[in-house]
Amino acid sequence: MYVTAGYLMAQGQRLYQDFAFVQTPYSPVLYAALFSIIQSHYLLTAKLLSFAFFAATAALLVAVAHRQGCDRPFTLTVLALFLANY
């Protein structure tokens, strides 16, 4: 649904008027911006963008734990819990 909404936005259609979308359009707006640059492989592009945000979130989590002075085993435990949460 998010990829379709992003694709339709990249094609110039309006999200709420032309496509019944009930959530706030954060993901479709990002997808539309990326789809306008990359003109094919929409599902792969969306998965890669989602993975990039997932990896960035994991890196920020480690950085915050490190900045708070947490020891290495605690930081790795928090990271493992984050990565295990699908």
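**View 1. Helix 4 and the residue that comes after the helix.** In this predicted model, helix 4 is followed by G69, a residue whose phi is positive, near 85 degrees. The helix has 26 residues, which at 1.5 Å a residue should span 38 Å, and the 37 Å between its end C-alpha atoms agrees with that expectation. Its buried residues are T45, A46, L49, A58 and A65, and the partners against which the buried residues of helix 4 pack are helix 1 (2–10), helix 3 and helix 5.

**View 2. The nonpolar core that includes A46 and L49.** The largest nonpolar core consists of five residues, namely V3, Y31, F35, A46 and L49. At least two residues of this core come from helix 3 (26–37), and at least two come from helix 4.

**View 3. Aromatic rings around F35.** Across the whole structure, a search finds four aromatic pairs. In one of them, F35 and Y42, the ring centres are 4.9 Å apart and the planes stand at 75 degrees, so this pair is edge-to-face. F35 is buried, its relative accessible area being 2%, whereas Y42, at 23% relative accessibility, counts as partly exposed.

**View 4. The stacked pair of F54 and F82.** The rings of F54 and F82 form a stacked aromatic pair, with 5.3 Å from centre to centre and 20 degrees between the planes. Because F54 lies in helix 4 (residues 42–67) and F82 in helix 5, the pair ties together parts that are 28 residues apart in sequence. With a relative accessible area of 31%, F54 is partly exposed, and F82, at 24% relative accessibility, also counts as partly exposed.

View 5. T75 has its place in helix 5 and is buried, with a relative accessible area of 11%. A polar atom of the T75 side chain lies 3.1 Å from the backbone oxygen of D71. Leaving aside residues up to four places away in sequence, T75 touches V62, A65 and C70, and A65 is one of the buried residues of helix 4. V78, which likewise has its place in helix 5, counts as partly exposed at 24% relative accessibility. From C-alpha to C-alpha, V78 and V62 are 8.2 Å apart in space, although 16 residues separate them in sequence.

**View 6. Confidence along the chain.** The mean pLDDT of the chain is 86, and 91% of the residues score at least 70. Confidence is highest in helix 5 (residues 72–84), with a mean of 93, and lowest in helix 2 (residues 15–18), with a mean of 68. Where pLDDT is low, the predicted coordinates should not be read in detail.

Conventions:
Residues are numbered from 1 along each chain as its sequence is written. This is a predicted model: local features need pLDDT of at least 70, side-chain atom pairs count only at pLDDT 80 or more; totals for chains, interfaces and linings use all residues. Side-chain values use heavy atoms; hydrogens and water are left out. pLDDT is the predictor's confidence in each residue, from 0 to 100. Helices (H or I, at least four residues) and strands (E, at least two) are DSSP runs, numbered from the N terminus. Rings of Phe, Tyr and Trp (its six-membered ring) pair if their centres lie within 6.5 Å; planes under 30 degrees apart count as stacked, over 60 as edge-to-face and the rest as tilted. Buried means under 20% relative accessible area, exposed over 50%, partly exposed in between (1.4 Å probe, protein chains only). A nonpolar core is a set of buried Ala, Val, Leu, Ile, Met, Phe, Trp, Tyr and Cys residues joined through side-chain atoms within 4.5 Å. A polar contact is a pair of N or O atoms within 3.5 Å; within protein, one must be able to donate a hydrogen and the other to accept it, and residues adjacent in sequence count only if both atoms are side-chain atoms. Contact means heavy atoms within 4.5 Å. The expected span of a helix is 1.5 Å times one less than its number of residues.
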